[in-house]
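Here are my notes on the model, as numbered points. Please read them with the structure open.

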Amino acid sequence: MKRSGLGIGVLLWVLLATPALADSWLPPEVRAYASADGAWKLTIYPRELTNQLDYFRDKVDGKPNAGGVPGDSRKSPIGHMQRKQDGQWRTVWKAPLVNDVAPVDAVVSNLGTSVTFDNWHSVGWGDDAVVFYAADGSRLREFGLTAFLPGFYVNALPRSVSSIHWRGEPRIDEGKGQLVLPVVVPVATRQDADEPDERHVDLRFRLSDGSLVPVTGNAWTDALDSAKAADAERRQRKAEARRRFISPLVAPGDGDIRAWHDYLVDAFFRIDPDSEDEYPATKVVPLPDDPKFDMLASYLGDALSDDMNADGVIMVASPSQDVLASALVEQAKRVEPGFLANARVYVAADNLHMPSIRVALARSAAEVIQLDIDAGIPQRKDRLERYLQRDEDEGAGQ
């Protein structure tokens, strides 16, 4: 069964290229933000979308007004600022905001100045990550993260597939007329279990013009040092990931089940002709002393006899070649004759065990493809070219 969508290969490309956290987004909705004294209220109306999938597809294709509703001429969200006077809400301004679909957050001061933060589905990206609006709606200033954070600091910040996790909850210091913006302090791999999961350092901006208040003190110095260490670790990980991507893929040398799953997935994207449109079912049979051995071995049989895989791709491995062959012989008995005639089954096996494996899977009629664990699997040429081009583009943008 084909796994449809934006291109699973493209998504996996992002996940493999850089360490990233998972994230999810609800559809944008109307939100209102009030000043602390309750005298000002900013209501933000997002640009309407047909649905999120259309939006993602249009973004990938580089289309303007991604995901827009046909016939709707709006190209940005609308901000509506009101002020309470004599017990009545009166419009002060109503105008398009600079964001694409909607900002993620906003704050409003007691003097009517407002600040919006980030973009729906792309926190931390773009030149409008922070936007200041005067009380009359005029735009005071807009900027991206590198306008007030060093490049190495931004590079070291944790990120998900879509966003950069760069801040906590902003607030207004009415007494000083300033925006207080808690910025995440990047950290290298934590060594101390008692270390807090996340630290922030406060940056301040003048509400009058959006300018950054000069940052001094030990907290900022410590944040910079931590970010430098985290960025150095990130660069090292990236270099290692690049080396792995470019080098021939070698089978794991131990019983690490996760490593074997990763090996199978990487092999699929290096070899399979439909890897841009499909994603494989990966099954790894552990060693017999594993408490989950019986369950995981039966999962192999489930995959071989599942309708979902009848015209798809199944990838199989085990830390032990004898266990692999034995499990396939046993679990293949569950498969109806000819059931996998339209499927491909990749097996991470050596030349000694491959003949018995082919015999075991013969009745399924699957196309059986050997992943020779004694030979490295080279990276596919077109995939390597895209990777190197992406690397070059990223380097030019830093």
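Where is the place of serine 35?

1. Serine 35 sits in the loop between strand E1 (31-34) and strand E2 (40-45). Helices (H or I, at least four residues) and strands (E, at least two) are DSSP runs, numbered from the N terminus.

2. A caution on the source. This is a predicted model: local features need pLDDT of at least 70, side-chain atom pairs count only at pLDDT 80 or more, and totals for chains, interfaces and linings use all residues. Residues are numbered from 1 along each chain as its sequence is written, and side-chain values use heavy atoms, with hydrogens and water left out.

3. Is serine 35 buried or exposed? Serine 35 counts as buried, at 5% relative accessibility. Buried means under 20% relative accessible area, exposed over 50%, partly exposed in between (1.4 Å probe, protein chains only).

4. A polar atom of the serine 35 side chain lies 3.3 Å from the backbone nitrogen of alanine 39. Leaving out residues up to four places away in sequence, serine 35 touches Trp40, Val108, Ser109 and Asn110. Contact means heavy atoms within 4.5 Å.

5. Now the sheet. Strands E12-E13-E14-E15, in that order, form an open sheet with parallel pairing. Two strands pair if DSSP finds at least two bridges between them. Strand E12 (281-284) and strand E15 (367-372) are at the edges with a single partner strand each, so one side of each has no neighbour in the sheet. On average, neighbouring strands are turned by 20 degrees against each other, direction ignored.

6. How many bridges join strand E14 to E15? Six bridges join E14 (residues 344-349) to E15, and the two run parallel. Alanine 348 stands opposite leucine 371 in E15.

7. Helix H6 (residues 293-304) packs on this sheet. H6 touches E12 and strand E13 (313-317). The direction of H6 makes about 150 degrees with that of E12. Axes are lines fitted to C-alpha atoms, for helices over the stretch in contact, and angles run from 0 to 180 degrees between N-to-C directions.

8. Overall, the protein has nine helices and 15 strands. Its radius of gyration is 27 Å, well over the 21 Å that the globule rule gives for 398 residues, so the protein is more spread out than a compact globule. The radius is taken over C-alpha atoms; the rule is 2.2 Å times the number of residues to the power 0.38. The C-alpha atoms fill a box of roughly 85 × 55 × 40 Å along the principal axes.

9. Of the 398 residues, 45% are buried.

Terms used:
Polar contact = N/O pair within 3.5 Å; in protein donor to acceptor, adjacent residues only side chain to side chain.
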